[in-house]
Amino acid sequence: MLNIGVRAVVVAGWAVEDAPASLFAETFYEGLLADNLSFGEAVFKARRTTWQEYPASITWGAYQAYGDPAWRIDPKSEVSPARLQSAWGGVSPEELLDRLESEKQVIQRSGETISRAEARRVADKVQQWLAATPPEWESRPDILSTAAGVFADLGPGYFERSREQYERAIAS
């Protein structure tokens, strides 16, 4: 994989236990994405944390790391992943899309029982998520159209916001 341009990779060399593996993954990605640690630092932190929390397990040692230990996700990013995480709990466009889709499903399942106050709360939350995105996400048609769908599902009071998002998606 490294021969075809992959900068860094982590693989499990043997079967792992669920709870320690979950802790390893959470710690690794938190370090890499939220704390902007280098690849090597994030792997080390994840191994150490997993070993400390699960000393009887050998899962911490199953993860083999290949690549540049100094590599970072985006060392020049002006938007801190930690800032994004504090705004809506995620760091990737796919996570934002998942959250928007989840909101749509909750609204659709509730039928016409969504109150005005709840609709306003959801609309405000979606606006905050959109405001916290990096500039390069602002013109992504997938994000804009999914947000438009959420606003449309909130009812007539939100059709204008929905239309604005759809028009931006089409223009992108």
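Me: What is the accessible surface of the chain, and what share of it belongs to carbon and sulfur atoms?

Reply: The model is a predicted one. Its chain has an accessible surface of about 10,300 Å², and carbon and sulfur atoms account for 53% of that area. Of the 172 residues, 35% count as buried.

Me: Which secondary structure elements does the chain contain, and what pattern do they follow?

Reply: The chain holds eight helices and two strands. Along the sequence the pattern reads β-α-α-α-β-α-α-α-α-α.

Me: Why is H5 called roughly antiparallel to H6?

Reply: Helix H5 (residues 93-110) packs against helix H6 (residues 116-131) at an angle of about 170°, and the axes are 11 Å apart. Angles over 145 degrees count as roughly antiparallel. The angle therefore makes H5 roughly antiparallel to H6.

Me: Which residues make this contact, and what classes do they belong to?

Reply: H5 contributes Leu96, Arg99, Leu100, Glu103 and Ile107, while H6 contributes Val122, Lys125, Val126 and Trp129. By class, the contact of H5 with H6 has six nonpolar and three charged residues, with no polar ones.

Me: What makes up the largest nonpolar core?

Reply: This core has 17 residues, of which Leu100, Val126, Ile143 and Leu154 touch the most other members. The elements giving two or more residues to this core are H5, H6 and helix H7 (141-153). H6 supplies the largest share, six residues. Another core, of 11 residues, lies apart from this one and includes Ala8, Ala21, Phe24 and Leu32.

Me: Which residues does leucine 154 touch, leaving aside those up to four places away in sequence?

Reply: With those neighbours left aside, leucine 154 touches Ile107, Ile114, Ala119, Val122 and Ala123.

Me: Why does phenylalanine 24 count as buried?

Reply: Buried means under 20% relative accessible area. Phenylalanine 24 has 3% relative accessibility and therefore counts as buried. Its place is in helix H1 (residues 18-34).

Me: What does phenylalanine 24 touch, not counting residues up to four places away in sequence?

Reply: On that basis, phenylalanine 24 touches Val10, Val43, Ala46, Arg47, Thr50 and Tyr63. Between phenylalanine 24 and valine 43, which are 19 residues apart along the chain, the C-alpha atoms are separated by 8.5 Å.

Me: What share of the contacts between residues at least 6 apart in sequence joins residues at least 24 apart?

Reply: The share is 70% for the chain.

Note on methods. Residues are numbered from 1 along each chain as its sequence is written. This is a predicted model: local features need pLDDT of at least 70, side-chain atom pairs count only at pLDDT 80 or more; totals for chains, interfaces and linings use all residues. Side-chain values use heavy atoms; hydrogens and water are left out. Axes are lines fitted to C-alpha atoms, for helices over the stretch in contact, and angles run from 0 to 180 degrees between N-to-C directions. Helices (H or I, at least four residues) and strands (E, at least two) are DSSP runs, numbered from the N terminus. Angles under 35 degrees count as roughly parallel, over 145 as roughly antiparallel, 65 to 115 as roughly perpendicular and the rest as oblique. Contact means heavy atoms within 4.5 Å. Ala, Val, Leu, Ile, Met, Phe, Trp, Tyr, Cys and Pro count as nonpolar, Asp, Glu, Lys and Arg as charged, and the others, Gly among them, as polar. Buried means under 20% relative accessible area, exposed over 50%, partly exposed in between (1.4 Å probe, protein chains only). Accessible areas come from the Shrake-Rupley method with a 1.4 Å probe; for residues, only the protein chains shown count as cover. A nonpolar core is a set of buried Ala, Val, Leu, Ile, Met, Phe, Trp, Tyr and Cys residues joined through side-chain atoms within 4.5 Å.
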